[in-house]
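This briefing gathers computed features of one protein structure, grouped by topic. Please read it alongside the sequence and the model.

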Amino acid sequence: MTEEWTGGVVTDRGDGPPAVEEWRSVSVPGRPAAFADEGPIAYRTTFADPRSDPSERALLELRGAYDRATIWLNGTELTTHEPHFVPLRLEVEPDPENELVIVCERPDAFDGIYGTDAVPDHFGTPAIWWGVELESRPATFVRRFEARPRLGANPNGDAEASSSPNGPDATAGNATTDGAGAAIDVTLEIDAGRAVDDAVTLSVRPEGFRGGATMERVPVVAAAGERTTVTKTIPIRKPSLWWPREHGPQSRYTIQAKLGGDALERTVGLREIECDEDGLLVNGRRVRPRGFARLPGGDPREDVDRAVEANATILRTHAHVPPHDLYEACDEAGLLVWQDLPAVGPDLPVERGTELAAALAEEYGRHPSLAMYGVQDRPTDPFAEPLGSGLLSRLRFRYRAWRTSVDDGPAQGLADSFPDDRPVVATIGAPGTGAEAAHLALGWQYLAADDIDWLLETYPSLGDRVGWFGAGSLADDDADPADVAGLDAALLERRATDAEGSQREQARTLKTVAEGLRRRGCGLLAASAIRDSAPGGGMGVHAVDGEPKLAAEAIAQSFEPVQAVLDGPARSGTVAITLCNDTDEALEAIVGWRAGENTDTERVSVEPFETADAGSARIPGDAERVDLEVGIDDRRIRNRYHL
């Protein structure tokens, strides 16, 4: 809908339409900053009947109305809808001219990242974040269309299912599950404005690979005014699988459902994902994801592009639910997604959380990029009062971790409520919380980045799976750190006071922690964050406008799938070198180094998903930097450290 919108704070709900003291011009979709601390907020527009024929139907679609939305049309309340990430599709009976009012309210619980200072206040404004559409549909149309892929299915399908004998096949060399079949379960809800005795045409075509298409016809019989549901299982022989980037192609299937003049499409991917003590398995093969947490705001596709440029293979949607745009971009790029429930802190209403978990899995489960779920972020923070570095700080760190206690029963219960087709991380928390994934603030909130080896020797389980690590920085010198959302000014001042200095510290911290985790075989790691949420700075490796900070290049080097890294701080003396291999191939490499006038090379063999000793660098006192290079066949992979 492109009509003009106005918005205002609701002063009275009453029995009729909401009363608003003052209507202001607003943008929809959007998050009006003027209403950041207010609520409920009403949004109003007018529109003409979109139908050109009285027999047509008018369908209203509402996406991202945060978080509870009540819809009024021409003074009549139509319905209330939540949560915001599930679209509302509602048939309406418009007049020639109409007034639409949508009242948005904050959630009673599960506000996630929007209830913290990690993002600007207006990010949590009750508003229509993603869009409103009003369209004309045929008298008989497909109201709901679901396509759910599954591997390991009987390629012959059920008794009703049939398929072209030359259905969608894999291209040569694209692995399947040992010849097992697959299927796509289709569910269609048909709204019959007129009596119908017809068939829905279901067509399946390959996306991202060469293969044959197939077509099915599913009978539909319904009386006028009836709503009926039909299902169909479409078998896929020799399925072409979706793989994460670096591990294979991103093969997908687009299913079109056509009934008369009405047609809808869904795109799905076929893959299996499991978790064991060493990390993730996709389609039965080991993967070792490296990536970033992502904050809301910004263009999802641009964030995906930035992650790919930084050699990432996973994005964690940090305590919020993004629009489908992010998932579609990740499906195409081969980025895995770690999807959190919007739950931060100690409060965790289990009944409401169970409802949200079911809605989340139902709405986003068709995306092959959705790799895992997270439940509760930072149930408590034993390091809210910062610690310095050194021996005494290590002792204080151990004491705080020892005395910390967290009841993870509610989080475990919520984790169990998710479908079992994807791994679930019940808690993401600081050392001492017993979390299933670690939240590490080395070099920022406590200790020094160089303490990563001490930390993992003292608490080895912290290196199994890391959902957050990082440090903040300024994007420009004109910013006041105290006014930058997501940036703790006191913590920043302990490290640096200007933009360049803070960015150097951020780059060094992320690089040191990331490479320390890789040297010790961390099964999954996510740095914070791919992008700042506000102007002036933040925890991102890119500014809010997408400009890269110094940490962007540094972490991209550290995230190379095959990389040589220093085993300790880059300073004068002898420092060991480790070759990390996050690929599924055994490699023979030449590892070289240069520091000042000193240089040397060494031939190194490294097994899949392993590390190997690659000699030592002898760093003279007058060196300004250390350069490492890995040579594999005709490839050259470089890493750099500034002294």
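Is asparagine 283 buried or exposed? Asparagine 283 is buried, with a relative accessible area of 11%; buried means under 20% relative accessible area, exposed over 50%, and partly exposed in between (1.4 Å probe, protein chains only). This is a predicted model, in which local features need pLDDT of at least 70, side-chain atom pairs count only at pLDDT 80 or more, and totals for chains, interfaces and linings use all residues. Residues are numbered from 1 along each chain as its sequence is written, and side-chain values use heavy atoms, with hydrogens and water left out.

**Backbone geometry**

- Asparagine 283 is not a glycine, yet has a positive phi of about 55 degrees.
- The place of asparagine 283 is the loop between β19 (279-282) and β20; helices (H or I, at least four residues) and strands (E, at least two) are DSSP runs, numbered from the N terminus.
- Asparagine 74, also not a glycine, has a positive phi of about 50 degrees.
- The loop between β6 and β7 (76-81) holds asparagine 74, which counts as partly exposed at 32% relative accessibility.
- Tyrosine 66 and aspartate 67 are joined by a cis peptide bond with omega of about -20 degrees, and aspartate 67 lies in the loop between β5 (57-65) and β6 (68-73).
- A cis peptide bond also joins serine 528 and alanine 529, with omega of about -10 degrees; alanine 529 is found in the loop between β29 and β30.

**Salt bridges**

- The count comes to 55 salt bridges, a salt bridge being a side-chain nitrogen of Lys or Arg within 4 Å of a carboxyl oxygen of Asp or Glu.
- Arginine 143 forms a salt bridge with glutamate 91, and their closest N and O atoms are 3.2 Å apart.
- Because arginine 143 lies in strand β11 (residues 140-153) and glutamate 91 in strand β8 (residues 88-92), the pair ties together parts that are 52 residues apart in sequence.
- Arginine 143 counts as buried at 13% relative accessibility, whereas glutamate 91 is partly exposed, with a relative accessible area of 24%.
- Arginine 144 and glutamate 146 meet through their side chains in a salt bridge of 2.8 Å, N to O.
- In this pair, arginine 144 counts as partly exposed at 30% relative accessibility, while glutamate 146 is buried, with a relative accessible area of 19%.
- A network of salt bridges links Arg57, Glu91, Arg143, Arg144, Glu146, Glu189, Asp191 and Arg227.
- The side chains of lysine 549 and aspartate 532 meet in a salt bridge of 2.9 Å, N to O.
- Lysine 549 lies in the loop between β30 (537-538) and α9 (550-558) and aspartate 532 in the loop between β29 (525-528) and β30, so the pair ties together parts that are 17 residues apart in sequence.
- Both partners count as buried, lysine 549 at 5% relative accessibility and aspartate 532 at 0%.

**Cysteines**

- The count comes to zero disulfides, a disulfide being a pair of cysteine sulfur atoms within 2.5 Å.
- Cysteine 275 is in no disulfide, and the nearest cysteine sulfur, that of cysteine 522, is 12 Å away.
- At 37% relative accessibility, cysteine 275 counts as partly exposed.
- Cysteine 330 is likewise in no disulfide, and the nearest cysteine sulfur, that of cysteine 275, is 19 Å away.
- Cysteine 330 counts as buried, at 0% relative accessibility.

**Surface charge**

- Asp37, Glu38, Asp117, Asp121 and Asp488 form a negative surface patch.
- Patches are made of residues with over 30% relative accessible area and no salt bridge; like charges are joined within 9 Å, and nonpolar side chains (Val, Leu, Ile, Met, Phe, Trp, Tyr) within 5 Å.
- Accessible areas come from the Shrake-Rupley method with a 1.4 Å probe, and for residues only the protein chains shown count as cover.
- Lys and Arg count as positive and Asp and Glu as negative, while His and the chain ends are not counted; the place of a charge is taken as NZ of Lys, CZ of Arg, CG of Asp or CD of Glu.
- Aspartate 37, one of the patch residues, is found in the loop between β3 (24-26) and β4 (41-48).
- Aspartate 37 is exposed, with a relative accessible area of 67%.

**A separation along the chain**

- Valine 287 is found in strand β20 (residues 285-287) and counts as buried at 3% relative accessibility.
- The C-alpha atoms of valine 287 and alanine 224 are separated by 52 Å, and these residues are 63 residues apart along the chain.
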